Each structure stands twice: as C-alpha cells, then as structure tokens.
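Hi everyone, thanks for coming. I'd like to walk you through one structure today, so please have a look at the screen.

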Amino acid sequence: MKKTSLFGAAVASVLSVFGSNAVAAEDAARAPDGKILVAYYSYSGNTKEVAEAIHEKVGGDIFEIKAEGTYPEEYRPMTQQAKEEIQNGFRPKLTTSVDNMAQYDIVFIGSPNWWGTITPQVSSFLESYDLTGKTVIPFITHGGGGKQNTVADLTAQCEGCKVVENAWVGYGSRTLGISGWLEDLGL
Ligand SMILES: Cc1cc2nc3c(=O)[nH]c(=O)nc-3n(C[C@H](O)[C@H](O)[C@H](O)COP(=O)(O)O)c2cc1C
C-alpha cells in the first residue's frame, strides 16, 4: 500500500465530527492519492517553523499565506489592531495563491492563536478556496493559551472540509513531538 493511502485510512480513523462539517470515516478513507499541502500563516516565525517541520516529515508542497496590510512594530498596538480586525471580521486580501488547489487531498492549515482564534489571514484563506471534501489537519501555535477557539473556528469556517480533531497545538515554535503526532495520524 502506498504511504499516502495508508495515511488517508489512518486519518479517517481519527476524524472528528464537528457540527455541519461532520464526516463519515469511510468517506475520508476514499481520499485518492493523498497529495499533501502544508499551508500556514506566520507573523513572527513560530508557525512557519512548525510548518517546515511538518513539511519535512510528510513531503508534498508548502505554502505561506500572505496578505495585504501591515501592523505596527510595537507589540501592544500590533495586538490591538489585530484584535479590532478579528472583532470586525476583517478579511485581508491575499497576496499569495495556491496553484491548483484541486490537486490536494490533504491540507494542513497552520495559524497562530490570536485572541483565542485563528488570524484574519487564515480566515481569508479558508474563504478563498474550495476545500470541500478535503482532509484538513489544523496546526496551531500559541503563547500559553493553548487551543482556545482556534480549531473550532477554523472548522466552522472550513465549509465542507473533513477536519481532523487531533490538531497540533504547540507553545511557540515547539516542534518536539511532531513525529509522534504525525505517526498518530498514520504518517
Ligand atoms: C495579535 C496577537 C494575539 C495573540 N493572542 C494570543 C492568545 O489569545 N493566546 C495565546 O496563547 N497566544 C496569543 N498570542 C501569541 C501567539 O499565538 C504565539 O506567539 C504564536 O506562536 C505566534 O506565531 P507566529 O510566530 O507564527 O506568528 C498572540 C500573538 C499576537 C501577535
């Protein structure tokens, strides 16, 4: 059996059932060849490091989500602007794009935890692509707050996706344990 098929089958066994994105395990097991994309947004580099560690292990393609707009250099005003953006449901225009999303069956999506949720850039990404039927594996980095609403919000905004419940949730740029996590997912 090909490694990717094995992965698809294993992912099916750990799929979560999240409201309207409920997934029947047998559906996910039908994922064709399991071509992988590792997509992430990173403001200060932690999520990028985790994305690279995942990509190194699973192969496939890696993609950095980038968007228009800037933030103040100072930390507090920066976090304040981000808070307002999140509260207003701001969706920045993306400046990078995935070449042929249709080719991917498994999409890792990485976001820092910002104010307990995913970043506006990741929300823009989720709204910009048809991820219907794809197995989506979230990975979250945080500064001590843990998962909070990140995975639930990502799941709610990922229409028709098969979101894996066993997300990576790690402090900062921590990558220790990623191999074991991927093994749990069957990779
Ligand atoms: C605007 C902003 C809001 C944040 N809010 C939270 C939070 O609510 N909970 C938390 O644990 N960490 C929070 N953090 C810390 C980041 O989640 C953490 O540093 C993350 O690893 C940064 O990822 P990055 O380096 O890829 O941007 C926040 C950071 C920023 C910049």
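This is a predicted model: local features need pLDDT of at least 70, side-chain atom pairs count only at pLDDT 80 or more; totals for chains, interfaces and linings use all residues.

I'll start with the overall layout, then go to the ligand, and finish with a helix and a glycine.

Okay, the layout. The protein chain has seven helices and six strands. The chain has 187 residues, and 37% of them are buried. Now think about contacts between residues with a separation of 6 or more: 80% of those in the protein chain link residues 24 or more positions apart.

On to the ligand. Which residues come nearest to it? There are 20 residues around the ligand, and the nearest are N46, T47, P112, G143 and G145. Some elements give two or more residues to that shell, namely α3, residues 46–58, along with α4 and β4, which is 135–142. The top contributor is α3, with three residues. And what kinds of residues are we talking about? By class, the shell has 14 polar residues, five nonpolar ones and one charged one.

Since α4 came up, let's look at that helix. It runs over residues 75–87, so to speak 13 residues. From the first C-alpha to the last, α4 reaches 18 Å, and that is close to the 18 Å expected at 1.5 Å a residue. After α4 comes G89, which has a positive phi, near 65°.

Next, helix α6, residues 150–157. Which of its residues are buried? They are T150, V151, L154 and T155. Why do these four end up on the same side of α6? Because they cover an arc of only 130° around the axis. And what covers these buried residues of α6? The cover includes β3, at 106–112, as well as β4 and β5, at 162–163. You'll remember β4 from the ligand: it's one of the elements giving two or more residues to that shell.

Last stop, G59. You'll find G59 in the loop between α3 and β2, where β2 is residues 61–64.

How values were computed. Residues are numbered from 1 along each chain as its sequence is written. The expected span of a helix is 1.5 Å times one less than its number of residues. A residue is buried if 20 or more other C-beta atoms lie within 10 Å of its own, exposed if 12 or fewer, and partly exposed in between; C-beta atoms are placed from the backbone. Two residues are in contact if their C-beta atoms, placed from the backbone, lie within 7 Å. A residue is near a molecule or strand if its C-beta atom, placed from the backbone, lies within 6 Å of it. Ala, Val, Leu, Ile, Met, Phe, Trp, Tyr, Cys and Pro count as nonpolar, Asp, Glu, Lys and Arg as charged, and the others, Gly among them, as polar. The arc is that of the directions from the helix axis to the C-beta atoms.
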